[in-house]
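Subject: Structure for you to look at

Hello,

Here is the structure I promised to pass on. Please have it open while you read, as my notes follow below.

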Amino acid sequence: MQNIPAPALVRIRNLTRIFDVSKPWLNRVLERLPWARLTAVSDVSFDIPERGVYALVGESGSGKSAIGKMVVGLLPPSDGSVMICDVDLATERDPVRITAARSEIQMIFQDPYASLNPSWRVRDIITEPVTARGGDAAGLAERLLEQVGLAARDAGKYPHEFSGGQRQRICIARALAANPKLIVCDEPTCALDVSVQAQVLNMMSDLKDEFGLTYLFISHDLTMVRHMADTIGVLYLGRLVEEAPTETLFDTPRHPYTQMLFAAVPRLDVFGREVEPPKGEIPDSINPPPGCAFHPRCPIAVARCGEERPEMRRNGFARAACHLAE
């Protein structure tokens, strides 16, 4: 019997975000400077199936967090669309549909120390998404704290009384309080010790199955996303350069940038190996190179790579934006 793919909960099409980073008007006039625009995300398209885990990986500055913020509505796109439950939050005018769609989304931020209000008790922090909409939050915080591995009595404490790993569990409990369908996880374990990271990731995996959640997982750690993700999208300079199911990507990476990332990952089975550092520097996002953005660092680049931007082309279950991917 043929497996029927799950319907897409999130549909992202041609997503673009450009920031104006120009100096003030008077400085531009006196110094005769042009406008400066930074392209953080450029023409990105992908789908996230319901109850799936889609991971975005890439170097710092590749646009991962900007995409996450546009998905949850914290940042408006300059172009393109983000469809959540068939509602485009950027263009939808019906307030009822917007409210319904927003209630399905929550976000877990990367810094558990900065994302909790230090003057609020944990009970108030967790129940805020419910009480803000006038819902009944009686006993909710205590139940969620136990589900994320803490004690119900912790609801009366303040954030400074917890460790980093415990704070991130509180952030997860707060995200679950609104009973969302989609949780955007922006580097949720980068501030934690390795042993605590494993505990939090295992807990998030269990909660996904228990609550039927969908995750957009943002990380620079390839080992972590291999453990969590069903599908991985690789970003470079705001562009999606490769997308594939997790095992397919790890077994046969097609884009040279993906291959470079994998070559730099520490491996226990080849201890003491010589790892060649990535060549070149990441180009300036304000003045990106023409054609393929990776071609100045690519070991197999040809003349066409510097002239023509490659389109995402499908090959089996994978997609790659490379003229030589085949």
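**What I found**

Ala152 is in contact (heavy atoms within 4.5 Å) with Glu142, Leu145 and Glu146, leaving aside its neighbours within four places in sequence. Before going further: this is a predicted model, where local features need pLDDT of at least 70 and side-chain atom pairs count only at pLDDT 80 or more, while totals for chains, interfaces and linings use all residues. Residues are numbered from 1 along each chain as its sequence is written, and side-chain values use heavy atoms, with hydrogens and water left out.

Back to Ala152, which sits in the loop between helix 5 (140-147) and helix 6 (164-177). Helices (H or I, at least four residues) and strands (E, at least two) are DSSP runs, numbered from the N terminus. Ala152 counts as partly exposed because its relative accessibility is 24%; buried means under 20% relative accessible area, exposed over 50%, and partly exposed in between (1.4 Å probe, protein chains only).

Asn14 belongs to strand 1 (residues 8-20), and Ser45 to strand 2 (residues 37-49). A polar atom of the Ser45 side chain lies 2.7 Å from the backbone nitrogen of Asn14. Beyond its neighbours within four places in sequence, Ser45 is in contact with Ile12, Arg13, Asn14, Leu240 and Arg319.

Asn14 has a relative accessible area of 41%, so it is partly exposed. Its phi is near 50°, a positive value in a residue other than glycine. Arg51 also has a positive phi, near 65°, and is likewise not a glycine. You will find Arg51 in the loop between strand 2 and strand 3 (53-57), where it counts as exposed because its relative accessibility is 54%.

**The chain as a whole**

The chain has ten helices and twelve strands. Its C-alpha trace spans about 65 × 60 × 45 Å along the principal axes. Of the 326 residues, 48% are buried. Among contacts with a separation of 6 or more, 65% join residues 24 or more positions apart.

How many charged side chains are there, positive and negative? There are 36 positive and 41 negative ones, and the centres of the two sets lie 3 Å apart. Here Lys and Arg count as positive and Asp and Glu as negative, without His and the chain ends; each charge is placed at NZ of Lys, CZ of Arg, CG of Asp or CD of Glu.

Best wishes

How values were computed. A polar contact is a pair of N or O atoms within 3.5 Å; within protein, one must be able to donate a hydrogen and the other to accept it, and residues adjacent in sequence count only if both atoms are side-chain atoms.
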